[in-house]
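This briefing is for a reader who is new to the structure. Please look over the sequence and the model first, then read the points below by topic.

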Amino acid sequence: MKSPLLVLTVVLLAACGGRVQKHAGIDARVDSVLSLMTLEEKIGQLNLPSAGQFTTGAAENSDIAKKIEQGNVGGLFNIKRVAAIREMQQIAVEKSRLGIPLIFGMDVIHGYESVFPIPLALSCSWNMELIERSARIAATEASADGINWTFSPMLDLSRDPRWGRISEGNGEDTYLSSEIAKAMVRGYQGNDLNANNTIMSCVKHYALYGAAEAGRDYNTTDMSRIRMYNEYFPPYKAAVEAGAGSIMASFNEIDGVPATANKWLLTEVLRNQWGFKGFVVSDYTGVSEMIAHGIGDLQTVSARAVQAGLDMDMVSEGLLTTLKKSVEENKITEAEITEACRRILKAKFQLGLFDDPYKYCNEDRAKTEVFTAANRAEARKAATESFVLLKNEDDILPIKKSGTIALIGPLANTRENMTGTWSVAARFSESVSLMDGLTKAVGNSAKIVYARGSNLHEDAAIEERATMFGKSLNRDKRSAEEMRNEAVRIARSADVVVVAIGEGAEMSGEASSITNLELPQTQRELLKALLQTGKPVVAVLFTGRPLVLKWENENVPVILNTWFGGSEAGDAIADVLFGAVNPSGKLTTTFPQNVGQIPLYYAHKNTGRPLSGPWFQKFQSNYIDVSNDPVYPFGFGLSYSTFMYGDVKLDKTTIKPSETLTVTVDVTNSGQYDGAEVVQLYVRDWVGSVTRPVKELRGFKKVMIKAGETKTVTFQLTKEDLSFYNYDLNWVVEPGEFSVLVGGNSRDVKEAKFTLQ
Ligand code: BGC
């Protein structure tokens with residue numbers, strides 16, 4: 001049954017400019033729909049409820065179905081599967097007065113059912129094609145299953161590993177995160193948002209969410225504008241420039257005003273300065289949370305949010321339930337509501353939903369394009385590139401597929417914990433555990449013996465919080481000593497010990513902030529006992545954040561950080577442990593010596609009293625009890641091979657702002673294995689009108705170099721690479737002396753200098 005008005009709409013739309021190729025065409029078509037809408041229907045488009053998970057049949061009589069029918073819903077999220085989505089879309093299109101289609105969102109964060117490594121891990125690949133492909137595959141799978149909008153990428157720079165959501169971002173660096181922002185948006189949206197296998201990206205969480213005080217989730221942020229512009233804003237801006245269709249306001253306040261109602265942020269910066277043309281959605285109950293923030297009741301905060309530039313309300317229903325009253329009381333104009341509605345309708349036109357509301361509801365695609373062998377193979381490859389080899393004493397790795405391998409540890413035999421945080425569409429029990437991966441890899445050529453060795457955490461309550469949402473490790477009831485003794489017995493019988501330690505999948509991610517970043521005591525005790533056997537110990541680390549690994553770095557011979565590698569993690573780890581793949585990941589966050597050093601990041605300012613000479617120096621910027629050094633610096637990561645850097649060569653020592661500087665460096669693979677090296681280029685601006693960081697990443701290249709081979713790596717630096725926001729927040733380049741620093745991590749670099757005229 002089609003409503004008469006729908007027919008009218010379709011006729012009008014057809015009259016108003018035909019197909020959806022040109023922007024002008026879309027604008028006219030949006031106008032034609034708006035002209036048919038009542039105030040209530042416009043407000044309805046601004047409403048984004050969570051669908052929960054419907055099964056077919058249950059939806060029809062639900063509250064949400066009624067709301068859709070009444071024109072009170074613009075989109076839905078938390079709904080999976082074509083049948084359920086089709087059913088909801090049908091209600092919108094056939095039963096609501098105007099038949100306006102819904103947009104369907106989901107947190108497709110690092111893959112859909114074929115789960116890729118968590119974003120922090122993917123960033124350690126420094127491979128932009130691979131990251132783009134991961135988003136492309138995620139979009140293909142999600143769109144095949146009915147989804148057309150993803151709440152990704154998360155571009156919140158974070159320098160605080162206490163914050164659990166550091167796992168969802170790209171680490172501490174502005175430049176790298178901006179490159180990843182572009183790759184992700186390209187991957188999701190492709191060249192044509194109107195195609196049925198691309199989805200709209202929603203950049204989040206705008207802004208500064210990763211700078212929450214004390215790393216506690218949802219906490220206040222407070223930052224100078226010059227730091228926002230130079231360090232925290234560029235990744236969001238890069239995503240906007242790459243054409244991201246939507247953006248999500250963050251939970252936190254900025255300058256005393258929650259982002260959700262911050263007009264400077266949502267209108268002045270986002271729209272006026274960056275030219276953003278898409279729509280802004282709140283985060284989950286972000287609108288109603290402003291009551292607790294203390295800036296007014298639901299009616300007040302809802303009107304204020306829309307006036308600030310918010311278009312869509314996720315879950316609160318503040319806009320739905322109060323805006324009409326605010327119009328009647330002259331607290332907001334209908335024109336302001338029309339603007340928000342216009343942006344949402346425009347997104348639906350861009351996705352092609354007005355032409356075919358069911359274009360993402362193709363059961364055949366759902367059956368053939370999701371969790372395919374090809375996609376899972378890509379996820380496995382991506383995982384191997386995201387692992388970071390932190391230590392490999394005596395070249396213990398790679399190990400041989402022979403003899404007896406003891407596989408020990410609380411994370412050795414868990415499929416559910418492999419995909420990490422925010423993998424809502426994952427098939428948890430079909431992920432490849434480390435046990436699965438090793439067993440498959442060795443076949444009959446080696447024997448694998450297993451013991452759990454320890455629980456995840458000595459505190460059962462913390463373990464439960466670290467393994468929520470179906471990821472329980474089914475705590476072992478035996479005493480820690482009993483478990484350890486069994487592990488030691490098994491280790492003694494083996495040639496090598498592989499021990500799977502670290503965090504449970506939900507130990508990082510949303511609302512998983514933590515103050516102690518060391519391995520749980522019970523895991524540390526297990527490590528100590530295994531080391532005492534004298535057998536070679538290979539630690540395979542699972543984590544969603546930088547941990548404090550000072551003791552491990554001093555005592556454990558091998559540490560392979562595998563983060564959370566996704567649905568194919570176990571196979572990917574086996575690929576690296578046995579040397580089928582030479583690890584090439586490099587850290588995108590600094591690993592501190594202790595929590596007290598946080599925030600610790602490479603691109604810091606020099607201060608007036610930098611530490612000169614060895615630690616400790618009285619009246620210089622350092623600590624009494626610990627040096628300023630990290631355990632592992634930004635950009636660090638080992639290979640089974642070694643790479644030697646030649647001198648940094650510049651084609652000129654003086655350049656004009658209009659000129660390009662060419663930087664070359666010879667990199668030699670001086671080891672036994674072919675391998676990839678991430679060559680990193682940093683810049684230091686020695687004197688400015690405002691202080692500048694001691695170094696900033698301005699280029700990187702991941703190059704494959706054969707054993708014994710030398711490659712010349714070339715970078716081009718332009719004015720843009722030397723520019724920054726000055727005190728007045730103008731984008732400037734200032735003459736003076738610069739250094740170019742090139743190396744395999746942010747600490748070990750070679751330097752050359754030039755002057756900008
Ligand atoms: C998170 C967002 C997410 C949203 C919808 C919120 O709790 O902060 O990142 O997109 O939920 O699931």
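Lysine 331 and glutamate 329 form a salt bridge, with 2.9 Å between the closest N and O atoms. Lysine 331 is partly exposed, at 47% relative accessibility, and glutamate 329 is also partly exposed, at 34%. The model is a predicted one, and the count of salt bridges in it comes to 58.

**Other salt bridges**

- Glutamate 132 and arginine 186 meet through their side chains in a salt bridge, at 2.8 Å from N to O.
- Glutamate 132 belongs to helix H7 (residues 128-144) and arginine 186 to helix H8, so this pair ties together parts that are 54 residues apart in sequence.
- Glutamate 132 has a relative accessible area of 26% and is therefore partly exposed.
- Arginine 186, with a relative accessible area of 39%, is partly exposed.
- Arginine 692 and glutamate 696 form another salt bridge, in which the closest N and O atoms are 2.8 Å apart.
- Arginine 692 is buried because its relative accessible area is 11%, which is under the 20% limit for a buried residue.
- Glutamate 696 is buried as well, with a relative accessible area of 14%.
- A network of salt bridges links Lys80, Arg81, Glu113, Asp145, Arg427 and Glu430.
- As a general point, side chains of opposite charge can pair when their charged atoms come close.

**Domains**

- The domain assignment of the protein gives domain 1 (1-105), domain 2 (106-366), domain 3 (376-586) and domain 4 (643-756).
- Between the C-alpha centres of domain 2 and domain 4 the distance is 32 Å.
- In the contact of these two domains, 13 residues come from domain 2 and 13 residues from domain 4.

**The interface of domain 2 and domain 4**

- The size of an interface is often given as the accessible area lost when the parts come together.
- Domain 2 and domain 4 bury about 1,200 Å² between them, and 70% of this area is on carbon and sulfur atoms.
- Of the area that domain 2 buries against domain 4, Trp126, Tyr175 and Tyr229 supply 52%, which is more than any other three residues.
- The count of salt bridges between domain 2 and domain 4 is 0.
- Across this interface, 3 residue pairs are in polar contact, with both residues at pLDDT 80 or more.
- On the side of domain 2 that touches domain 4, the elements giving two or more residues are helix H8 (174-189) and helix H9 (225-232).
- H9 gives the largest share of that side, 4 residues.
- By class, the side of domain 2 that touches domain 4 holds 6 nonpolar, 3 polar and 4 charged residues.

**Isoleucine 396**

- Isoleucine 396 sits in the loop between strand E11 (388-392) and strand E12 (404-408).
- Is isoleucine 396 buried or exposed? Isoleucine 396 is buried, because its relative accessible area is 19% and the limit for buried is under 20%.
- Leaving aside residues up to four places away in sequence, isoleucine 396 touches Pro536, Val538, Pro557 and Val558.
- From isoleucine 396 to arginine 86 the distance is 54 Å, C-alpha to C-alpha, and the two are 310 residues apart in sequence.

Key. Residues numbered from 1 in each chain as written. Heavy atoms only, no water. Buried < 20%, exposed > 50% of the residue type's maximum accessible area, 1.4 Å probe, protein only. Contact = heavy atoms within 4.5 Å. Domains from an automatic or database assignment. Buried area = accessible area lost by both parts, 1.4 Å probe. Salt bridge = Lys/Arg side-chain N within 4 Å of Asp/Glu carboxyl O. Polar contact = N/O pair within 3.5 Å; in protein donor to acceptor, adjacent residues only side chain to side chain. Nonpolar A, V, L, I, M, F, W, Y, C, P; charged D, E, K, R; others polar.
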